[in-house]
Amino acid sequence: MPMASSEAKFLFVALTVLLPCLSVTAKQTYIVQMKHHSKPSSFATHTDWYSAHLQALSPDSDSDSDSGSGSLLYTYDAAYHGFAASLDPDQAETLRQSDSVVGVYEDTIYNLHTTRTPEFLGLETANGFWAGHLLHDLSTASNDVIVGVLDTGVWPESRSFNDVGMPEIPSRWRGQCESGIDFSPSLCNKKLIGARSFSKGYRMASGGSYMKKPKEAESPRDQDGHGTHTSSTAAGSLVANASLLGYASGTARGMAPHARVATYKVCWTTGCFGSDILAGMDRAILDGVDVMSLSLGGGSAPYFRDTIAIGGFTAMERGIFVSCSAGNSGPSRASLANTAPWIMTVGAGTLDRDFPAYALLGNQNRFTGVSLYSGAGMGSRPVGLVYNNGSNTSSNLCLPGSLQPETVRGKVVVCDRGVNARVEKGGVVRAAGGVGMILANTAASGEEMVADSHLLPAVAVGRKVGDMIREYAQSDPNPTAVISFGGTVLNVRPSPVVAAFSSRGPNLVTPQILKPDVIGPGVNILAAWSEAIGPTGLEEDTRKSQFNIMSGTSMSCPHISGLAALLKAAHPNWSPSAIKSALMTTAYTHDNTKAPLSDAAGGQFSNPWAHGSGHVDPSKAVSPGLVYDISSDDYVSFLCSLGYTIQQVQAVAKRNVTCARKYSDPGQLNYPSFSVVFGNKRIVRYTRELTNVGTARSLYKVIVSGPPGVKTIVKPSSLFFATVGEKKKYTVTFVSAKSGSRSSRSEFGSIVWANTLHVVKSPVAFAWTLL
């Protein structure tokens, strides 16, 4: 029935009156950066000062109201100078006009970068020694190392957090275990020594007010599984007879099984909000962690706008090693997250372990893929095979609701990889009546195969095999298939291989800094899991497992975090930059067949934009011979070379700087790798400084390799270190051939300092344009 004109006029007038009110109350989270040293002495604390700023925005409001100081969500003390608050756009703009305010930024959302690894990395040896360190002594020393994991929380009952045999908690520890509706502080122990949660940013985004009850229980308990997996990977205790429903059976253990774990829940069902991440980093720094592990990230942004980079800078200044995942946006070029040079940026590679599964087609072709399916199986009788490659592309991708039951019932369905989750595709097939799935890669994923704990018999295959299966399914008048499973296989060759999903360089924020730094194990990793959720994470998955197998740079990051904890135990006086250098310069670039590392994306050889310095080798990293050390003042000089304003540099450094000392080129930073961007120049010259952490009276000679179009000159060509701790500089000059005109091509080489005991290797990337 049409609306009467009088009713329409009333509605228009009502909306005219209401809309301005609605816009005023449309609050969201903003992170406000303050001039820390500008606090008037009349305010006892910075929190009082921040509250006064917020109160001034609504002078008539009650001090505890949502529009006054009650809108203050977090006050940051260490990781950041400023606060997070619930504001409307007009209030945010008013704050921007204040002389005391550096910047006001909308809260950003970050995403998670979703047992055999100790042996694969050489951490378990028959004689009990690890590069000259008695493992028992190193285990004792690592009791004093605390790994802080910022993620989705923790499942404290997991056996990976058993504290049997652990001594008292270090007296310097200032953290705590919070109480929550489903989390008692008594669940913590001498292994899991801290558990906190930060949800105000999440609450604002999901409910419109941080005072409202959140949709997810506010506690450190892990309802997702991701945080339990990453924290146990870094420093989980030894657990015998661990497996995912029978797969990867054996003893599970973290990289630093005797280190302590503290978890900071900053990620929730809708993601990880910058305001919550900053609060978690702030607290972890003040609590006294030694290593900070973040398997999450966003896109590229200038460092003064990058929440993790800013918090990480303070952590680095306080001697905390910060490890972050590179992202899962590979194999796309320039797809990295977390590129700040004071952060260890970690890509992903495969293990020498696989979970084979087989698809036998009606034409008797048998193809090998991977799977973690653990149910009854299909038996040996072939069934119909279907691939819906019609005009409806959602059906060939097996998106929810795309499959017709009359077409797929009782059959094996071929699903293209991409768009939706791999395990969700299996759920879609099962819901439509399908009895099996062949998950076939497209060009985007190449030959990389990731095993999943599917809800129905399923096998994942690479692109080439996928194309053959798709061709058979479309051309044969009566295509059939049967799927079978091969369990767990070890000593796979070649391995490691760079994962196709692992994000790649070049570094868009600072092209003169080569990223990622290293790769570590990140494909099909077994670790502890939350019993609040099934292994697939799907709502319909009612299975429960104490362990799960997952893939992503989320998995490789905590491997490096745990290894950093071991190096911190072995060398308590090393700086975060020294630990990082040791892991980078000793990394290897050849697989277990002695061939150069290959890339799963296309099957070709990998390069430093994919693997950085190479795959970590902890047995060598504990004794690297030489390190490239970097001080916080060096990082400030680096920031000053980026064209930032003094205020923007101060936003990261959080102290007064003048930029009187700055590099002529950001690549002058004493980084353990090189990224040479010629641009309009033919000559690029850098100076590096090496510190002797090996033995006295050590002589090293340089070995240079590079592309034909670039001449590399290193002076001097040998370095003699008379004492331990001595520092020596060298200069390297890169000269591009005259014919090397500007092009988008890239080339690679290396600079190695070697003697009979040590090989200290730095990769070099060459580019002739910035992008």
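## Cys-640 and Cys-659

In this predicted model, Cys-640 is bonded to Cys-659 through a disulfide, with the sulfur atoms 1.9 Å apart. The S-S torsion is about -80°, so the link is left-handed. Distant parts of the chain are joined here: Cys-640 sits in helix α18 (residues 632-640), and Cys-659 in the loop between α19 (646-653) and β34 (674-677). The two cysteines are 19 residues apart. Both Cys-640 and Cys-659 are buried.

## Cys-398 and Cys-415

Cys-398 and Cys-415 form a disulfide with an S to S distance of 2.0 Å. Its torsion of about -85° makes this bond left-handed. Cys-398 lies in the loop between α10 (393-396) and α11 (405-408), while Cys-415 belongs to strand β23 (residues 412-416), so the bond ties together parts 17 residues apart in sequence. Cys-398 is buried at 0% relative accessible area. Cys-415 is buried too, at 0%.

## Cys-177 and Cys-188

The sulfur atoms of Cys-177 and Cys-188 are 1.8 Å apart, in a disulfide. This link is left-handed, with -100° about the S-S bond. Cys-177 and Cys-188 both lie in the loop between β8 (146-151) and β9 (192-197), 11 residues apart in sequence. Cys-177 is buried at 14% relative accessibility. Cys-188 is likewise buried, at 14%.

In sequence order, the bonded cysteines pair 1-2, 3-4, 5-6, 7-8. Cys-324 is in no disulfide; its nearest cysteine sulfur, in Cys-557, is 6.0 Å away. That distance is too far for a bond, because a disulfide needs sulfur atoms within 2.5 Å. Cys-324 is buried, with 0% relative accessible area. Cys-557 is also buried, at 0%.

Conventions: Residues are numbered from 1 along each chain as its sequence is written. This is a predicted model: local features need pLDDT of at least 70, side-chain atom pairs count only at pLDDT 80 or more; totals for chains, interfaces and linings use all residues. Side-chain values use heavy atoms; hydrogens and water are left out. Helices (H or I, at least four residues) and strands (E, at least two) are DSSP runs, numbered from the N terminus. Buried means under 20% relative accessible area, exposed over 50%, partly exposed in between (1.4 Å probe, protein chains only).
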